[in-house]
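Me: I would like to learn how to read a structure. Can we take one feature at a time?

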Amino acid sequence: MIIVASKGITTDQLDRIRERVEALGLRTHVSIGESRTIIGCIGDEARLSHVPLLSIPGVDSVHPVMRPYKLAARDFAADRTTRVSVGDRLFGGRACLVAAGPCSVEGAAMMAETGRAVAGEGAALLRGGAFKPRTSPYSFDGLKEDGLRILTEVREETGLPVVTEVLDPRHAELVAGYVDMLQIGTRNMQNFPLLREVGQLQRPVLLKRGMSATLKDLLLAAEYVMSRGNMQVVLCERGIRTFGGETRNTFDLAAIPWLKMETHLPVIADPSHAGGRRDLVAPLSFAAVAAGADGLIVEVHPDPESALSDGDQSLTFDGFAALMRDLGVFAEAAGRTL
Ligand code: PEP
Ligand code: MN
């Protein structure tokens, strides 16, 4: 931690700051410059996290030098990458995994049809929401446990491991009993009771970036899950809120290489929610894979026009087939397979 002293700090104030820091077992090193005095704090920075340093007279600003996350930081993993197994698939290996399926599980027939179609085109996982977080309380909010049952039936038939969203800490065990991977959606990235709950389960977690979250917030959310013992976390960039309404969200492409440098966890992208339009899904997918994403999660529907949620951004089966065909070159260029 580096403390920058206010201009005109008195010797008494400087001594008080040093006493406060040293009382917590850290050492201090004062460097008096021409215009500024800097107090370097040497030792366990975490001990200072509870001290309201800015309110101590003579403190102008405070600059942490350590990362606030430990388990999620890249150096935590011996070879700096973690592989997360979901069923017999592996996130973070050479293969770029594509999870595909409808936004919502709407029924058994459409789900089976979609499962067969995406499996045939090389999808690695099946997605589908049974508990849906809807912005309006009047929108379709999923088939709940019936939806989970349908997902397991389609897994049985297609062999695809299943990822679905969990909304409520009280449902975490129930959902984990049915599916292979638990999705935490953008609206719940900082639902701390939910993060703690999934942290206690031994099910891989797909953690989506909050729509207004920084990448550090995302890593701290992952840290919540990991600090409870569940290290199987895959991160997902799904677009954030900026300005302009031409696209549903702003796809933060730089997030992918930044996260890959900062954490050992696998990183995937969701081009469907990022762009909000079917015709943006392929270009965003290409960019994500070229930037080093370990996979994608893509919405696909047998008849997007009649979808109960996110029809505008859902690919048709033909659209998904074209995406998978064209994605191959980008995967290869990035040294990956599909
Ligand atoms: C979804 O995957 O359907 C979803 C609701 O995603 P997000 O949380 O990113 O909006
Ligand atoms: Mn959706």
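Me: Is Glu157 buried, partly exposed or exposed?
Reply: Buried means under 20% relative accessible area, exposed over 50%, and partly exposed in between (1.4 Å probe, protein chains only). Glu157 has 45% relative accessibility, so Glu157 counts as partly exposed. This is a predicted model: local features need pLDDT of at least 70, side-chain atom pairs count only at pLDDT 80 or more, and totals for chains, interfaces and linings use all residues. Residues are numbered from 1 along each chain as its sequence is written, chains are lettered from A and ligands numbered from 1 in the order in which they are written, and side-chain values use heavy atoms, with hydrogens and water left out.

Me: Which residue forms a salt bridge with Glu157?
Reply: A salt bridge is a side-chain nitrogen of Lys or Arg within 4 Å of a carboxyl oxygen of Asp or Glu. Here the partner is Arg116, and the closest N and O atoms are 2.8 Å apart. Glu157 sits in helix α3 and Arg116 in helix α2, 41 residues apart. Helices are DSSP runs (H or I, at least four residues), as are strands (E, at least two), numbered from the N terminus. Arg116 is also partly exposed, at 45%.

Me: How many salt bridges does the whole structure hold?
Reply: The search finds 21. One of them pairs Asp180 with Arg155. Asp180 is in the loop between α4 and β10 and Arg155 in helix α3, so the pair ties together parts 25 residues apart in sequence. Asp180 counts as buried, at 15%.

Me: Which residues coordinate the manganese ion (ligand 2)?
Reply: Donors are N, O and S atoms within 2.8 Å of the metal (3.2 Å for Na, K and Ca); water is not among the atoms, so sites may look incomplete. Cys103, His273, Glu299 and Asp310 coordinate the manganese ion at 2.0 to 2.4 Å.
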